[in-house]
Amino acid sequence: MPEPLSLLLPVWAGDRPDFLADAFRSTVVEQTRRPDQVVIVRDGPVDARLAARIDELAAASPVPVEVVALKRNVGLGPALDAGLGACAHPIVARMDADDISLPHRFAVQLPIIEAGADLVGSGLIEFGDHSGEELGRRTPPTDPADIAARARFADPFNHPTVVYRRDLVRAVGGYTDFALMEDYLLWAKLIIAGARVANVGEPLVKYRVGAGAYARRGGLAQLRAELAIQRRFRRLGFTTRAQYVRNVAVRGGYRLVPVGLRRVAYRNLIAGYGAGERTQRHAARRGGPS
């Protein structure tokens, strides 16, 4: 049976009103299967233009919109946890305020959730200044066992693409305030809890890549976050000692290399660019489906 869906969309002072309008339109108005509610979390004060655009989108929306206005900027994890509390429906989809959903996104993902999955992500297309400008594709693992194995080294889900069961996410503690790694920690907790996980290899979201994207993935703050998440994974028993050492060496080192090398490492080791094509070639060599 079809289950109702809440869309969880955080906004903060750094977001652009026109990008937000595109994100909202693509994920609500233009969907072949629309969400039943939208929760916009305003993470701290925003300027008058962005506030006005939020009000306009809410007033013109074809589905109910609730705006959760936080008095101060608390960061992505706590903002999402606050938004989960306002989600009226047991299934929640994530979206960022500068990305674009393809029109059939929920028509593809929701039947997988309704068939019993707890967490479903998808591939994504990276774009630059214009949505038609494709810069790359991230193809996640799709088999549940491959997802669990991948999670011990790198994030197996593209966060802006996911749909999940609200009550299970809250049961494992939600996102919490784990800056820069809140989504990765949540997936690990869900996998430990036995969540039924899935990914659609097809890209269902277009992800905006801003200037300096690879520079922001490095530096001391990212290194500290990386080391913190690896320590947490080890304490949770999510990784073995050998996996911990590997991750600190490879992922920690990745945070410190020059930007050019980081871009290559990210695309080839971390983010799964072209993973779908490699999997298909491997299956073909083994006599499997192409």
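**Ground rules.** I number residues from 1 along each chain as its sequence is written, and my side-chain values use heavy atoms, with hydrogens and water left out. As the model is predicted, local features need pLDDT of at least 70 and side-chain atom pairs count only at pLDDT 80 or more, while totals for chains, interfaces and linings use all residues.

**The two parts.** I looked up the domain assignment, which is automatic or from a database, and it gives domain 1 (5-208) and domain 2 (220-270). Their centres, taken over C-alpha atoms, are 24 Å apart.

**Where they touch.** I found 19 residues of domain 1 in contact with 21 residues of domain 2, contact being heavy atoms within 4.5 Å. About 1700 Å² is buried between the domains, and carbon and sulfur atoms give 66% of that. Buried area here is the accessible area (1.4 Å probe) that two parts lose on being put together, summed over both. On the domain 1 side, Arg-152, Phe-153 and Met-181 lose the most area to domain 2, together 39% of what that side buries.

**Polar links.** I noted four residue pairs in polar contact between the domains, both residues at pLDDT 80 or more. Such a contact is a pair of N or O atoms within 3.5 Å; within protein, one must be able to donate a hydrogen and the other to accept it, and residues adjacent in sequence count only if both atoms are side-chain atoms.

**Who supplies the domain 1 side.** β7 (134-138), α5 (144-151) and α7 (182-192) each supply at least two residues, and α7 gives the most, with six. Helices (H or I, at least four residues) and strands (E, at least two) are DSSP runs, numbered from the N terminus.
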